[in-house]
Amino acid sequence: MSVATAEVLSAPEFRAAGTDLSERRRSGLSCGSIIDLTASPDTIGIAWNEDGSARIGALTAIAAIASDARLAQAYPGIAAAAQGLATPQIRHMATLGGNLAQRSRCWYFRNPQIACLKKGGSDCPARAGNHLYHVAFDLGPCVAPHPSTMAMALLAYDAKIVTDRRSRLSITDLLGDGSDGAADNLLAAGERIERIELPAPLAGERALYKRAISRTHAEWPLVEICVRAVIERGVFREVHITAGGIAPVPLRLAASAAALQGKPADAATIAQAAELATSGAKPLPMTGYKLDLLTGLVRDLVERLAV
Amino acid sequence: MSTTTINGRVESLPDDPDALLIDIVRDQLKLTGTKLVCGAGVCGACTVLVDGAPVASCLMPAHAAAGKAVTTVEAIGAAGLHPVQKAFMAHDALQCGFCTPGFIVEATAFCDRWRATRGTAVPSREEIGAALSGHLCRCGAYDGIFRAVADACAGRFDGDNVAAPRIEARDKVTGAAKYTVDINHDGQLEGLILRSREAHARITALDLAPARAIAGVAAVSLLGDDRIVRYVGEPIAAVAAKDRKTALAALAAIKLSSERLPAVVGLDAGRKDGAPVVFDKASRKRAGNVSEAAGGPAPWKQNIRGPTAVFSTRAKKARNWVDEARQANNKLLVEATFRTATQQHACLEPHAAVARFDGDRLTLHASTQQVFHLKEQIAKRYKLDHDKVRVIAEHVGGGFGSKASLGTETIAAIELAREAKAPVRVAYDRQEELSVAGYRPAAELKVALLPSDKGGLKALSVTAHADTGAATNSTIAGLARLIYPAEAKDLSDFDVISNLPPGAAFRGPGGPPMAFAVEQAIDEAALRLKVDPIALRKRWDPDPNRQRLYDWASGLELWRNRKPAQNGRYRRGIGMATGYWLYLWQPNVKVEVAVKGGRIVASTATQDIGTGSRSVLADTIAREFDLESADIDVRIGDSSLPEGPGSGGSRVTASVMPPTLQAVRKLKAAILEQATRKPAPGSNAPWRELIARSPDIAVTETRGEDGKNTAPGIRSPLREVGLMGMVFGWMMRRFSNIAVGAGVPSSVQVIEVEVDTWLGHVRVINVHTGIAVGKIAAPALAHSQACGAVIQGLGYALYEARELDPTSGDVLTAGMEDYRIPGIADTPEIDVHFDEAGFDHVLGNSVGIGEASTVPTSAAVANAIHDAIGVRLTEIPIRPDRIVAALKGRDAA
């Protein structure tokens, strides 16, 4: 093990529920000290502001987000994303903050015997190796997709993150633009997420979430998207589409959203917007299929939203 | 120090921040019903309730349970079985049982929640599937689990009735069943294995002294005398220490230097000219074996061993006819190249062994498919008297072929126990289990199939290259000889050896890949000949067992109502395929049936790996005596019992049933002879009375030859092959102690799929599986096996693939989230049809079901997908990436 790798793996880590960390402790990917997070009224639970907007504590369980009726009403994309990730047992334990700050699921990163950028190594072994489940938007040196489904959904809602040091961070402020292959997020050492603040929902807005996987449940997404829009008298307004599983960070599908904005909610418009979902894509040799899935998902969800 | 309440008792929690809840439950409290499998929250085997909610105890920090109430499977039903437990028992919703405690914990929580809010409404399959989506079962017991959970929710198991077709079911649903990984002797050490980081290297120095310098650590070398490692993960040394943490430190202390050798990885690179050679001539005997029997001689050049072509007939003719047809642009000639993926056994109980010496006596608990043979192998290897070695496997958490040899876990446990003078457990972790514990080799199959002008089968050519890693002896193409007679067949098998872990036998070795290719070629021929695919098989495949299955299949409503090709996003299709396996049995198998203390006791040194061997024996004997199965004590899983069969080659039922029936006959006569009092006239349980009053009597019988009188068309398939077949059969018997019997266990499946053409997702909707393996010895368990075989076949068809780093050969799919086995929600409706004729020449009329029943599934799925989307998928698994690529290819064409 190189010095750089040993140093990276020995960094102290926060622990919320431990659903990611425990596995990395067992495999030797995390060897530093553990700082257990304990909930305070400010860091757990869902609270509502007078304007109808919500704050979600970082230590709120994913299952609590998935089953909250008011949240599902106000922010259906966030509730659906929480319902769709992992397994019932994991959702019961895992927290929102932990989901945002979890480490990569890349199979090279997870193998303690293999060096990689996220372990202090000098290059990405997946790029020249086997990257079947990796990015189709090659935005930086590391080709692992960001694992956080909740980040992808929160991006569609322009959520802001409050840490113990900073407030009003966007998802992009938190996770970066993918150009830093060493990190899964841009939190400073010792900085912890405290809560997530959501803007008030728009009148009449709707949203859907879906992941493309090979089996029925309990699989990391090949591609996942969240579509959020207001449809007013048959015309798309306030369209937000975000995607996960395809880039080092959750992506906004700006070209697709723009193609829908102000246009009639008809099949031709939707098909055209779906084609634009892959604008700017740079697939790897093994990940071209993800672009087909991305197009299919956009078409699927926008059509269903427009019904 | 904080505390938690576990099953109602207050327990203290350790200060170690890395202690996990499962460590407290299993290691501190010895509540071994909770199982550690994936260590990653994927499989759910470790599920416990914390304040009533199911959680993954393998991920939950122990201290997070402070002040909470933890319930393990042992406490569920402790004061009377929960309806879910009774339902699992009644519906046989389990096989090997290793995943069962996790399912029980989750399902009871679901059922209690459901009953509290929904009364006795019946949950849908979708609701059950979503609720249990955090659990995996490798045997594929999902069909029974659906029925069990639905019925328990509906209140159908609220009463006191507990009936179970599987006789050890109660132990499995309560967590009482002990597996090898659960064995815990006083002073037992934990063993770990140091494995190669290089794909190919010479170990120039191995210094175990620094490891041994750690207090209480034993260490042994596992290197071969040539000191060469040939794949990432090859064992180098092993250590044992008081706990895993110390053992890890000991592993890290070992000093190792090596000289890297050129390496080659995989099927395509391995067969390139000039590729680095994995086994030179002197080291070839070190190669592993991917078949159920020993291999014959074959040419071997560099990394290519083959062709093995003994099952060809008029091969040159076949090649010439195919060449001519190609040149003549014969539209009936079907030619294609198929690729199948490496399939991991992924047993939920890992390979594990616990060795203990008492003086010169060795007791080995092992997760093995062959207690008796393993004892003999150990005695031979370590030059021990056979009566000084005892191998025990009370319960085995899955095997599927991967636990049928003397493995590293056993060697390491024995040698460490000897050195440490203490019992040692070696249990693979999931990474080891999914990388170095064996697999079904991937293969490339080139197929040419030529119908004759008269609509017969003229020529069949199959050339198979198998990706066997550091192993040999793949037979895939050769299996195409024993089905669809043709005027000429050119069948060649090659092993492509490379610096990858050795493959192993896996449920019908060679059968599923052969079927995937040949059954699609047959399907394509039917399309071109414009003949119904079942009718064509009926014409080309004269086997009487399958003829009956074809009649059954062609009468299915699903088949009769096939729809023409569709357009649109979702497209449905129906496909079918055929499979077979040899009827194998093991000579010299002995079964003792005895009266002991007024009860019937049956004993033989076989084992139950989830297939139901215990229940087959109990049911068979109970029927003969007009008793309940629960009245029979079955002793298996112990090599000190009379010689029993290995659980491989679907041979257990056919090996134990005939001697059991013979022994029962003799025992009956002996009981009657010694009876001092006849049963009361008109007694409805005369044998019960006689047995209760009988003195102890024991009868042991040996498996004899089958009757020579067989039904028309029922012959040994090897006889059809002529002299080479006879030689093959003789070799199987001489070197592998397996006899090939007359008649062919067969399976025909009809499958309906729906393809989502936008997202590349394949949903299997309906499966009909018709199986001809003679009389069904234990119907509920055979049903479970039949469904499990389909589910494992669906995994092979749609999800499962070992992925590698192409240069180092590191197995990247070494965790359960990346190696994707089917979940409960992927399970279709499965209709099982047993055709019970065909084996009247076997005493008891029954042969094994395990392998024949899984052979056709991947081909039937591929044929159904072709029916749905008009594109033939020639590579499995048929994942979304392959579906979208195939559709694009068609659109582009």
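The model is a predicted one, so everything below is computed from it.

Starting with chain A, the secondary structure comes to 13 helices and ten strands. Along the principal axes, the C-alpha atoms of chain A fill a box of roughly 60 × 50 × 35 Å. The radius of gyration of chain A is 19 Å, which agrees with the value near 19 Å for a compact globule because the chain has 307 residues. Some 54% of those 307 residues count as buried. As for contacts in chain A between residues at least 6 apart in sequence, 63% of them join residues at least 24 apart.

Next comes the largest nonpolar core, which has 408 residues. The members that touch the most others are A:Val298, B:Val149, B:Val239, B:Val861 and B:Ile865. Helix α23 of chain B (residues 779–799) gives the most to this core, with twelve residues. Leaving aside residues up to four places away in sequence, B:Val861 touches B:Gly575, B:Ile751, B:Val753, B:Val764, B:Leu794, B:Ala797, B:Leu798 and B:Ile878.

Finally, there is a helix pair in chain B: α14 (residues 511–529) and α24 (residues 857–869) pack at an angle of about 35 degrees, their axes 8 Å apart. The crossing of α14(B) past α24(B) is right-handed. On the α14(B) side, the contact is made by B:Pro512, B:Ala515, B:Phe516, B:Glu519, B:Gln520 and B:Asp523, while α24(B) brings in B:Ser858, B:Ala859, B:Ala862, B:Asn863 and B:His866. By type, the residues of this contact split into five nonpolar, four polar and two charged.

Definitions and conventions. Residues are numbered from 1 along each chain as its sequence is written. Chains are lettered from A and ligands numbered from 1 in the order in which they are written. This is a predicted model: local features need pLDDT of at least 70, side-chain atom pairs count only at pLDDT 80 or more; totals for chains, interfaces and linings use all residues. Axes are lines fitted to C-alpha atoms, for helices over the stretch in contact, and angles run from 0 to 180 degrees between N-to-C directions. Helices (H or I, at least four residues) and strands (E, at least two) are DSSP runs, numbered from the N terminus. A crossing is left-handed if the near helix is turned anticlockwise from the far one by less than a right angle, and right-handed if clockwise. Two residues are in contact if their C-beta atoms, placed from the backbone, lie within 7 Å. Ala, Val, Leu, Ile, Met, Phe, Trp, Tyr, Cys and Pro count as nonpolar, Asp, Glu, Lys and Arg as charged, and the others, Gly among them, as polar. The radius of gyration is taken over C-alpha atoms; the globule rule is 2.2 Å times the number of residues to the power 0.38. A residue is buried if 20 or more other C-beta atoms lie within 10 Å of its own, exposed if 12 or fewer, and partly exposed in between; C-beta atoms are placed from the backbone. A nonpolar core is a set of buried Ala, Val, Leu, Ile, Met, Phe, Trp, Tyr and Cys residues joined through C-beta atoms within 7 Å.
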